[in-house]
Amino acid sequence: MADLNTSGAGAVSGAGSVAKSGGLLAWLNAPERRGPLLVAPALITLFVMNIFPLLWSFGLSFFNYRANRLTVPSFKGLDNYEKVLTDPVVWERFQTTGIIVGASVTLQLIFGFLLALLFAKTFPLRRILLMLVLAPMMLSFVSVAIFFKLFYDPTLGLLSWAIGLFTGEPFILLATPAGSIAAIVIADAWMWSPFVMLLVLAGLVSVPTYLYEAAEIDRASPWRRFRTITFPYIKSLLLLALLFRTIETFKLFDLSFLITGGGPGASTETVAIYAYRLGFQFFRTSQASALAYLILFVVIVLTSIYLYIVNRRNEEG
Amino acid sequence: MSGISLKSITKQFGDLTAVDAVTFDVADDEVLCLLGPSGCGKTTTLRMIAGLENATDGEIYLSGQDMTHLPARARNVAMAFQFYALYPNLTVSDNLAYPLHAEGDSTADIAAKLRDIAQVLQMDHVLDRFPHQLSEGEKQRVAVGRCIIRRPNCFLFDEPLSRLDVQLREEMRSDIKKVLSGLSRPTVIVTHDQLEAMTMGDRIAVMRDGKVEQIGAPQDVFNNPANIFVAGFIGTPQMNLVGGIVSGIGGAIAVSIGQDVIELTGELAQPGHGLKLGDAVTLGMRPRSASLESESGQGILSGTCELIEPMGAETLLRIAHPAGQIRAIVTDRQGLKEGGTIHVRFAQGSYRLFHADGNRIGDMV
C-alpha cells in the first residue's frame, strides 16, 4: 500500500512534470515553430563558427590585441588600418596577388572558353572526356598543390625531365620569382578553367538552333555568326565567370602556400598569405584582422562593379 | 528553265520516311503552297530545298543548277522561319541588313535597300528597335523583310502566319501576296492552313505522310480532289464523304446510301469506269451544294436533324443518316428543329465518286 501510495504520489508529481515537459515539447512541436526549430542547429553553427568570429575579428582590428600576449588589449581606433595601408610590404603583396589574378583569370577564361567551344559539339567519347576535364575543379586544393609540386620537382618531376631531354640538365622552375609565379598561375588555371568552361557551355547550348540556321541561310561568315549570335548569349555568363574567378583568385592562399611557400623570397606571397603570417607567425593579430578586412573591402568593391555590369547587360539584353 | 525542281526527293530519319519521293516544279514567278497536316513532311521538304537538311535520295535543282549536295550558304535561297529567327541582339535595321553583308554591298546600297524594304513593309518607325520590343505582327514583317531584301534563287516561307491572330493573319496574307507578286521569284510557302494556301498559292501541293497527294491550282484542287484525303482536307466545312454501294449501272450509275438511292448523271454516268454492281464506293458532296426538300424521294437523302449551328448568314445542319453524318449548309432555317426529319438534295454535278481505294473516279466539273 505504502508502495502504491508513494508510487501514486510519485505518479502525481511525475504527472505534473510530464505535463510540464510535455507542455514544452508540445510548445516546441507547434507547426509554426517546427520550421525554425529544424534550421536552428545550422543557424547556431553558422553564428558560432562564422558570424561571431567575423564580428569579433572586426572588433579586434581596432585594438592592439596579440594572440600570444596576456596583456589586456587597448583601443587604438584606426591605427592598425593606418599601419597596414602605409606598409610598403602590403602593397608589394597586393601587386603580387594582382599579377597572379590577372594572369590566372585570363588563362582560365581563354582555356575555359576554348574547352566550351570544343564540348559544345558532339564527338565520340565526349561524356567521358567531359568528366575528365571537369575533375580538376572537384579536387581539393591540397591534392592539386601536391600534384603540381611533384610535377615541378627538379629531380622527380615530369616537367624537369621533359625539358631535360632538350637541355640535358634538370630544370628548376621554382628557383626564380617569375618561374614560381608562373607555376602558381598554371596550377590555378588548370584547376579552374573547367569552371569557366561549365558556365560558357551553359551559354553555348542555350543558343536556339534556328538562329544558326537563319545565319546559314543569310550566308553569315563564321566570325560574324559568332559576334552577332553566339557571343551575346555567353556574354553575361563570361562576365559572371570573370567575377567568380577574380574574387576567388584574389583570396588565393592554398596553392601558393603549399607549392612555393610564398617563395623564393616573398615572390609568390599573396596578400592572403601575408595576412596569415602577420596573424600566426608575427602574432600581430589585430593588424592581421585589419588587413583581412581590407581584402574583404577590395572583394566587395570588385563584386559590386561586376554585379553592376551584369545587371546592366541583362537589362540591355 | 524552272525556278525550283524537285526530282523524287526522299528524306529518311532512321526508319521513318519523312518525305517520300516528292517531285514537283515551281516556275520562275510562281507561288507554290505546300499544304498538309502536322508531320506530313512539308517543312522537311522546305528545309531540303533550303539546304538545312540533306536529302537521302533524289535531286534538287535551283535555277537549273543541281544543288542537291550543296550547303545552304551556297544555294542563295531566302527563307522566313516559323519562329521568325530574328537575331535578338541586333536592331531591326541590322536584322534586315544581315543577309546583305554576304553579298558585299556597299554601305550606301544597304541603306537604300533598307529604305525600300521599310517602305514596302511600313516599318520605318521600328527600325531602331530590338526584336523583343516588337509585336508579333512587326516581328513577322521583319522576318519577311529580311527574306525579300535580297534577290535569291527562291523564297521559302515556313508557316509564315501561324503565330499571328486571325485579324492580323488576314492582313498579312494579302500584304505578303502583294509583295510576292512584285518579286516574281519562285516561292514555296509551307502551311497547314488551307485558307492560306488557297489565297496565297498559284498552285497547291497537298501532302500526307511524306507524299504529294495532289498538286494543282487552288480551285482545281478544291473542285476536283484527287482522292478522299484531299477531298476531306480542303474546304470548310468538310466535304461529306459517305459510303455507298453501286446498285445500278444501266443508263446512269445508281449508288445506294442506306435506304436512299442517288442516280448520277453527267460524265459520271458514262460507262467505262469499271464499276460493277455491288462495288463499295464513297460519295462526296460539298455541304454548300445542299438544298432542303419537303419529302424523301429519288436523289434525296433523309435523316434526323442532330444539330443546328447558326453561322451568321448561313446555317450548318448536322444530319444523322444511316450511312453516317451528313453536313449541309442552308441559308433558310425556318421550320427546322433538332430531332426532326430532314430531306436534303445535293445538286447534280456536285457529286464526287471515289473508289474503295480512295481515288476519285472520272473527271467532272
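This is a predicted model: local features need pLDDT of at least 70, side-chain atom pairs count only at pLDDT 80 or more; totals for chains, interfaces and linings use all residues.
Biologist: What percentage of the 365 residues in chain B is buried?
Modeller: The C-alpha atoms of chain B fill a box of roughly 75 × 45 × 35 Å along the principal axes. A residue counts as buried if 20 or more other C-beta atoms lie within 10 Å of its own. Among the 365 residues of chain B, the buried share is 40%.

Biologist: How far apart do the C-alpha centres of domain 1 and domain 2 of chain B lie?
Modeller: The domain assignment of chain B gives domain 1 as residues 4–233 and domain 2 as residues 240–354. Taken over their C-alpha atoms, the centres of these two domains of chain B lie apart by 39 Å.

Biologist: Which classes of residue are found on the side of domain 1 of chain B that touches domain 2 of chain B?
Modeller: The contact between the two domains takes five residues from domain 1 of chain B and five residues from domain 2 of chain B. On the side that belongs to domain 1 of chain B there are no charged residues, and the classes found are three nonpolar and two polar.

Biologist: Is B:N76 buried or exposed?
Modeller: B:N76 sits in the loop between β5 (65–66) and β6 (77–80) of chain B, and its phi is near 55°, a positive value in a residue other than glycine. Because B:N76 has 22 other C-beta atoms within 10 Å, and 20 or more are needed for the class, B:N76 is buried.

Biologist: Why does B:A85 count as buried?
Modeller: B:A85 is found in the loop between β6 and α2 (92–101) of chain B, and its phi, near 50°, is a positive value in a residue other than glycine. The cut-off for a buried residue is 20 or more other C-beta atoms within 10 Å. B:A85 therefore counts as buried, given its C-beta neighbours inside 10 Å, which number 25.

Biologist: Which element gives the largest share of the side of chain A that touches chain B?
Modeller: The contact between the chains takes 14 residues from chain A and 17 residues from chain B. On the side of chain A, the elements that give two or more residues are α9 (209–217) and α10 (222–250). By class, this side of chain A has seven nonpolar, two polar and five charged residues. The largest share, six residues, comes from α9(A).

Biologist: What separation is there between the centres of domain 1 and domain 2 of chain A?
Modeller: Chain A is divided into domain 1, residues 2–60, and domain 2, residues 79–316. Taken over C-alpha atoms, the centres of these two domains of chain A are separated by 47 Å.

Biologist: Which residues of α5(A) make the contact with α8(A)?
Modeller: Helix α5 (residues 126–138) and helix α8 (residues 177–205) of chain A pack at an angle of about 115°, with their axes 7 Å apart, and α5(A) passes α8(A) in a left-handed crossing. The residues of this contact divide into 10 nonpolar, no polar and no charged. From α8(A) come A:W190, A:M191, A:W192, A:P194, A:F195 and A:M197, while from α5(A) come A:V133, A:L134, A:P136 and A:M137.

Conventions: Residues are numbered from 1 along each chain as its sequence is written. Chains are lettered from A and ligands numbered from 1 in the order in which they are written. Domain bounds come from an automatic or database domain assignment. Axes are lines fitted to C-alpha atoms, for helices over the stretch in contact, and angles run from 0 to 180 degrees between N-to-C directions. Helices (H or I, at least four residues) and strands (E, at least two) are DSSP runs, numbered from the N terminus. A crossing is left-handed if the near helix is turned anticlockwise from the far one by less than a right angle, and right-handed if clockwise. Two residues are in contact if their C-beta atoms, placed from the backbone, lie within 7 Å. Ala, Val, Leu, Ile, Met, Phe, Trp, Tyr, Cys and Pro count as nonpolar, Asp, Glu, Lys and Arg as charged, and the others, Gly among them, as polar. A residue is buried if 20 or more other C-beta atoms lie within 10 Å of its own, exposed if 12 or fewer, and partly exposed in between; C-beta atoms are placed from the backbone.
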